[in-house]
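Here is a short tour of one protein chain, written for someone who likes to follow along with the model open.

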Amino acid sequence: MAEHVENSDPKGESLMEKIADKFHGDDSSSSSESDTETKKPVVKSEVEAEPEPETLKNKVWRLFGREKPVHKVFGGGKPADVFLWRNKKISATVLGGATAIWVLFELLEYHLLTLICHILIITLAVLFLWSNATTFINKKPPHIPEVHLPEGPILQVASALRIEINCALDLLREIASGRELKKFLAVIAGLWILSIVGSWCNFLTLFYISFVLLHTIPVLYEKYEDKVDPLAEKAMHEIKKQYAVFDAKVLSKIPRGPLKDKKKD
């Protein structure tokens, strides 16, 4: 009997060990699940921390505080394509035509009315002779298309000009009433610089220089904007600093008009 009990003990112990191992396995699996659950928020926080470079990238300072690409600033249509040289043939043709006009009127001292009359004389003479010559050589006369100015685009251009002119008049009225000292100083400085430039060259040359700058500066800025914007940011900070000193020493001592006080009240 003693031997039978001794032989049965190892079986009982092995059964108890299996049960204990099973409970330990369940504990280890539950602990591993709890570990994974505790690790999940860490991974989530790491994932949420990744978009920080994008937010920092969006906060990059841009010239004149623009938030759109240069192409969108110019309207995003065909004029923007011409100014930014998206189609090099069209841009080169437009710039070459403007250069030819400037050479004709400025260097060769051609007059606008004379040029228009000469072009019309040559065009009408060629078409008239060609139309009469076709009756002798038994060929079809040249097809002269009917040209009509569309009403829609002209009204759109006129409406856009009207809006811009009204905005300019409102700005001048606001400045003249003594409400905006900063705008007053900016407009006076701009007009003074423009008068100096106008004394150096006539209106046609000034218009041609502006046209050439519109075809060169935007495309160069779009190409090197990552280098230009940091330099422009430093320059703007320095200008604001100098203006703050000028405001504290000079502008703050100028008495304000009654319209300024009423506006604040």
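Predicted model: local features only at pLDDT ≥ 70, side-chain atom pairs only at ≥ 80, totals over all residues.

## A working definition

A polar contact here is a pair of N or O atoms within 3.5 Å; within protein, one of them must be able to donate a hydrogen and the other to accept it.

## Histidine 215 in helix H9

Let's begin with histidine 215, which sits in helix H9. Is histidine 215 buried or exposed? Its relative accessibility is 1%, so histidine 215 counts as buried. A polar atom of its side chain lies 3.0 Å from the backbone oxygen of phenylalanine 211.

What else does histidine 215 touch, once residues up to four places away in sequence are set aside? The answer is Val82, Phe83, Trp85, Ser91, Val94 and Leu95.

## The largest nonpolar core

Phenylalanine 211 also belongs to the largest nonpolar core, together with Leu95, Ala98, Trp102 and Tyr208, which makes five residues in all. Two helices, H5 (88–107) and H9 (203–223), each supply at least two residues of this core. The largest share, three residues, comes from H5.

Leaving aside neighbours within four places in sequence, phenylalanine 211 is in contact with Val94, Leu95 and Ala98. Val94 and Leu95 are also among the residues that histidine 215 touches.

## Isoleucine 209, also in H9

Isoleucine 209 is found in helix H9 too. Because its relative accessibility is 39%, isoleucine 209 counts as partly exposed.

## Annotated transmembrane regions

An unreviewed UniProt entry lists residues 90–105, 111–130 and 184–211 under "transmembrane region". How do two of these stretches look in the model? Residues 90–105 are 100% helix and 0% strand, with end C-alpha atoms 23 Å apart. Residues 184–211 are 93% helix and 0% strand, and there the end C-alpha atoms are 27 Å apart.

## Helix H7 and the glycine after it

Helix H7 covers residues 151–176, 26 residues in total. At 1.5 Å a residue, H7 should span 38 Å, and its end C-alpha atoms are 37 Å apart, so the two values agree. After H7 comes glycine 178, which has a positive phi, near 80 degrees.

How values were computed
Residues numbered from 1 in each chain as written. Heavy atoms only, no water. UniProt positions renumbered as here; feature names shortened; annotations may be inferred. Helix = DSSP H or I, 4+ residues; strand = E, 2+ residues; numbered from the N terminus. Expected span 1.5 Å × (residues − 1). Core = buried A, V, L, I, M, F, W, Y, C linked by side-chain atoms within 4.5 Å. Buried < 20%, exposed > 50% of the residue type's maximum accessible area, 1.4 Å probe, protein only. Contact = heavy atoms within 4.5 Å.
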